[in-house]
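Dear colleague,

I am handing over a structure that I would like you to look through when you have a moment. My notes on what was found in it follow directly below the files.

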Amino acid sequence: MKSSLKRNLLIGFGVSLLVLVGSSVASWVSVHNLLASATLVKHTNEVVQKLQETMSFMKDAETGERGFLVTGKDQYLDPYTGSADKVKILIGDIRQLTADNPDQQQPLQKLEERINRRFWNWQDMIGKKRMTDIVTLSDMQQGKNSMDSIRVVVADMIAREQTILQTRTASRNSFASITPPLIIAGALLAILITVIFYVNMNRDIADRARLQEELIDKDAGISRRIRVIQSISEKISTGDYGVRVTDSET
């Protein structure tokens, strides 16, 4: 009985520990993948945001440049002033963010070239306006075509990132849907093992108590018989040979 109780203790503890370790590892892997996927989603959103900010600064610069070309007043150049440096910083950020994505590096190089060309064109048109006060329709059309080409590249890069985002979001959602069931399954399995272990332990303890009671009863019976035998021996030793033993005495 003692060895059985010890064996049940070892089995229950071992299985519980195994389930706990397995559940913990599975939960850690799932949570780790979930966090990694969330980081990738954040990374993609950041790239898209940088591209949108780049396009926003380009539009502001174009608005300021057009205002100056129409009015000839320098105050309209406020949105244009400093926009080249801001766009340059954003392009550097995008290049760093997409360093692990070769598919975005080539479009980014194309975007940078077209942006630089557009700023040179703006400077040329501003200089021409200052010198001759004449800007032709052809110049305006050329500027529009240049901006349209920039929009195409930006839209293409955003579309690429959104495709990546959809894949990463699906992966994140997959891990998010797996994590709770893993934790719940581990908890339920641990509870089940605990219940089974408790039932087995309770049965072993009950069996041990029953055997203990039987041993006590046997010991009491043996002691009673010994007392009866001693009593008979004493009577016989005094010459009383008519002594009898009844069933109730034994």
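**The aromatic cluster**

Y80, F119 and W122 are joined into a cluster by ring pairs, where rings of Phe, Tyr and Trp (its six-membered ring) pair if their centres lie within 6.5 Å, with planes under 30 degrees apart counted as stacked, over 60 as edge-to-face and the rest as tilted. Please keep in mind that this is a predicted model, in which local features need pLDDT of at least 70 and side-chain atom pairs count only at pLDDT 80 or more, whereas totals for chains, interfaces and linings use all residues. Residues are numbered from 1 along each chain as its sequence is written, and side-chain values use heavy atoms, with hydrogens and water left out.

Over the whole structure, the search finds three aromatic pairs. In one of them, the ring centres of Y80 and F119 are 6.1 Å apart and the planes stand at 45°, so this pair is tilted. It links distant parts of the chain, since Y80 sits in the loop between α1 and α2 while F119 belongs to helix α3, 39 residues apart; helices (H or I, at least four residues) and strands (E, at least two) are DSSP runs, numbered from the N terminus. Y80 and F119 are both buried, a term that means under 20% relative accessible area, with exposed over 50% and partly exposed in between (1.4 Å probe, protein chains only). The rings of F119 and W122 have centres 5.1 Å apart and planes at 85°, so that pair is edge-to-face. These two residues, F119 and W122, lie in helix α3, three residues apart, which is about one turn of the helix. The relative accessible area is 6% for F119 and 0% for W122, which also counts as buried.

**The chain as a whole**

The protein chain has four helices and zero strands, giving the pattern α-α-α-α along the sequence. Of its 250 residues, 27% count as buried. Among contacts (heavy atoms within 4.5 Å) between residues at least 6 apart in sequence, 79% join residues at least 24 apart. The chain exposes about 16400 Å², of which carbon and sulfur atoms supply 60%, the areas coming from the Shrake-Rupley method with a 1.4 Å probe.

**Pocket and cavity**

Both were found on a 1 Å grid over the protein atoms alone: a cavity is a set of points where a 1.4 Å probe fits but cannot get out, a pocket is an open set with protein on both sides within 12 Å along at least five of seven lines, and lining residues have an atom within 4 Å of a point.

The largest pocket has a volume of about 200 Å³, and its lining includes F119 and W120. The elements giving two or more residues to this lining are α2 (83-97) and α3 (102-132), with α3 giving the most, six residues.

By the cavity rule, the count comes to one cavity of 30 Å³ or more, and the largest cavity holds about 40 Å³ of space. Among the residues lining the largest cavity are E65, R118, M125 and D139. At least two lining residues each come from α1 (2-71), α3 and α4 (137-237), and α4 gives the most, with four.

Best regards

How values were computed: Points joined across faces, edges and corners; volume = space filled by probe spheres on them.
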